[in-house]
Each structure stands twice: as structure tokens, then as C-alpha cells.
Amino acid sequence: MTETITDLRRVGAHPDFWYPVSLSSSVRRGRVVPTAFAGERIAVYRTRSGAVHALEDRCAHRQVPLSMGAVSGEVLRCGYHAWAYRGDGRISQIPYLSKGDSRPPRGVRAYPVREAYGLVFVFPGDPDKAADTPLPELPAYGSPRYRTMSYSRTVHCHYSFMHENLLDMNHQFLHRGVVGRLRPELLGHESTKTSVEARYLFTHTGGKRNRGAGLLAGEGLTASDSSDVVTIRTEYPYQTLDLVPKGAARPAFRLWVAYVPEDAAQRTCHVYGLLMIEKPAIPGLLPLARPLIRRFTERVFAEDRKAVEAEQRAWDEQGEDRNHEVFPLILDVRDVLRTNGIPFTLQPDPCATTPQCAGTDPTPDQQ
Ligand code: FES
Ligand SMILES: [Fe+2]
């Protein structure tokens, strides 16, 4: 594949996919939460009966965010003059008007919405395509063999940096303090128009083996220095990582991740991750292991976040992508992200690096 002149950091995530915008647990009955996709603010709420809806977060009356409103039974009431909205975005009541008075012709945009895997997904693109666009398939999520940890974090960078970061395992030097010395050997990679898959053999070659890393890799409490095959795949627009200990039949864990741009310039993304961990052979070990695994993954993620946010700052300073990428499969994933996304020419958004004005809750969720 060849690089084109389009700056990848000016390519928007294609909206014709299902994107998570919240953890299900954050949208409790009777609660409305502000979320966003690429600068479109979306109010997600759960009615008293438990149905989840997603509406344009702007009242048709005076443009006040509907997320400042309140759920009342099955409707969402704007917090200002209490106009009531149904889940399809239509106005069901304007409390101070009597029947027959003039009304606005329509309400607000309603987004197709679905709940799966403990996440609320919306379809921000052409709504006619929503029904035929599948949600990601995650068989391990519901499997009795696996237990899932959820991650929800805002990262101040273009989503493409995240894909490149996870696929390019040559950055283990960054994690040397947490994981010791890991030697990644590329076993092979395959690219299509919509995907890049890379397989690595990971060998621990020195330094202390992290207990959380060992538990995550299915090694039990006595971490060994075994080798693991790690398969990472960008299947537009999602990414997965499976780790299979050498000789094992099944992954010790599978990670699924979506990077959801928040601001219009897409210089901030929200990361939703599902880490599906195989239950250990020793009963009762997983509850003990969970805090160690959580701590390990948070430390690794913090290091990755530092690197990708630094990359974004360099882009901001220089106003263009001056990366000199040399790894073939990363050149491939750049092409996949470029050709499957939609170019845009927005000016940088001052909100992109200011958590207080990002579209979603600035306090990271986790469970
Ligand atoms: S601004 Fe929403 S009801 Fe008036
Ligand atoms: Fe990393």
C-alpha cells in the first residue's frame, strides 16, 4: 500500500458504525448523561421503564443541552422550559401551550441506540444503515470461561495514534519499568482494505516479571518466563488483542477496544475497552487477581497515554503529521484508517485539549 498526501490526523472516524458512548452502568434509570461523537453532542438517557434513548443534545426551543434536563417517566424534559421529548426525538408536550397553539414542526434528531456488552452504542451516521450494520461480535463476553473488566477513559489524541500504538509492539521499551524486558518478534501480518492483523511472539528476557502481567497471561501466582503469542487486529473501526500462552488452546485474555472521537477536530478520543480474562484453573483466584491485573493494565495504559498525547502535542505544534514511519504494518494501518475514514478540514478545536469542555463526563468511569 502507498501513503497518500492526506494527513491522517485530519481524517475523521467514519460515522456509519456503532460506537460506544457510555458504560451502561453510567446510564441508570431516570438519568441523562452528556456524551459526544466527533463534536456532535448526544444526550443519552434511560427512562423509568429501562429503555435507553439517544437524542441530539440541544433543545429545539433555545438550544440548551437536553442533558441538563430530567427524565420524567418515559420522556426527557428540557431543564429550561420543560419541553418534553419522546425517544424518537419528537416533542410530546410544551407545558405552557394549550392544544392547537402553534408548535415547532419537529423535535430533535434521535440516534439509533443499542445496548450490548455493558455498553451503550449509538449509530452517529446515516440512520438507514444502522439496522444492517452489525455490532461487534464478542463471543468471549458472554462465555462462562471468561470474566470481563471494563475500561472507559478520555485520551487527548486523535484516535489513529491509538491504533498505531497498540499494533506497533516495538514500543516495549516504553513499558520496561512495568513489564521488564520483553522481546517482541513479529511472526507475520496480513492486511486488507479494512483490517490489519499482526502476530507477535513475546518472550520475557529479563527484569522482574510483573505479578499482574503474569496473572493476566494465565500463569497463576507463580509467574514464569514463558512465551506468548499476541495477535492484534484493527478491523475498522475497532481493535482487538488476544494473548495465547505458548502451547495453550485458548487465549488467556482478549481485549476489545473502540476509540470514539469526542470533539469536532477529533483531537480527543474516548477509549472503551473490554478485557475478557479466562477464569483461572484455581477457583477463587480471579477475585484476588483482579486488583493486580487492574493495577498492571492501568500502569501500562498510563504509559501509552503519555506517549500518544505527546505525539498529538507534536502534531499541534507543527500543524501537520511529520512522522517518519518505517514499520510496514503501521504504514498499512495508516492506509486502512485513512481510506475508511472521512477527511475533514476543521480548525483545531480549543476544547480538544481541555477536559472541562470535552463532550463526555470529565471524570473517567471505571468498573
Ligand atoms: S430551551 Fe428547552 S424548553 Fe426552552
Ligand atoms: Fe503500550
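Modeller: Cysteine 269 has 0% relative accessibility and therefore counts as buried (under 20% relative accessible area; exposed is over 50% and partly exposed in between, with a 1.4 Å probe and protein chains only). The model is predicted, and local features need pLDDT of at least 70, while side-chain atom pairs count only at pLDDT 80 or more and totals for chains, interfaces and linings use all residues. Residues are numbered from 1 along each chain as its sequence is written, chains are lettered from A and ligands numbered from 1 in the order in which they are written, and side-chain values use heavy atoms, with hydrogens and water left out.

Cysteine 269 belongs to strand β19, residues 269–278. Strands (E, at least two residues) and helices (H or I, at least four) are DSSP runs numbered from the N terminus. Leaving aside residues up to four places away in sequence, cysteine 269 touches Arg153, Thr154, Val155, Cys157, Tyr159, Met162, Tyr259, Val260, Pro261 and Glu262; contact means heavy atoms within 4.5 Å. Serine 160 is 109 residues from cysteine 269 along the chain, yet their C-alpha atoms are separated by 9.6 Å.

Tyr159, Ser160 and Met162 are among the buried residues of α2. That helix is mostly covered, with nine of its nine residues buried.

α2 is also one of the elements against which the buried residues of α6 pack, the others being β1 (11–12), β14 (181–191), β15 (195–206), β16 (227–235) and β20 (342–343). Helix α6 covers residues 328–340 and reaches 18 Å from its first C-alpha to its last, close to the 18 Å expected at 1.5 Å a residue; the expected span is 1.5 Å times one less than the number of residues. Ten of its 13 residues are buried, so α6 is largely enclosed by the rest of the structure. Leu329, Ile330 and Val333 are among these buried residues, and so are Asp332, Arg334 and Asp335.

Histidine 175 is in the loop between α2 (159–167) and α3 (176–179) and aspartate 304 in helix α5 (residues 285–318), so the pair ties together parts that are 129 residues apart in sequence. Histidine 175 and aspartate 304 are both buried.

Elsewhere, an open sheet of three strands has the order β2-β12-β11 with antiparallel pairing. Its edges are β2 (19–23) and β11 (113–116), each with a single partner strand, so one side of each lacks a neighbour in the sheet. Strands pair if DSSP finds at least two bridges between them; β11 and β12 (residues 119–122) have four, and valine 113 has valine 122 as its bridge partner.
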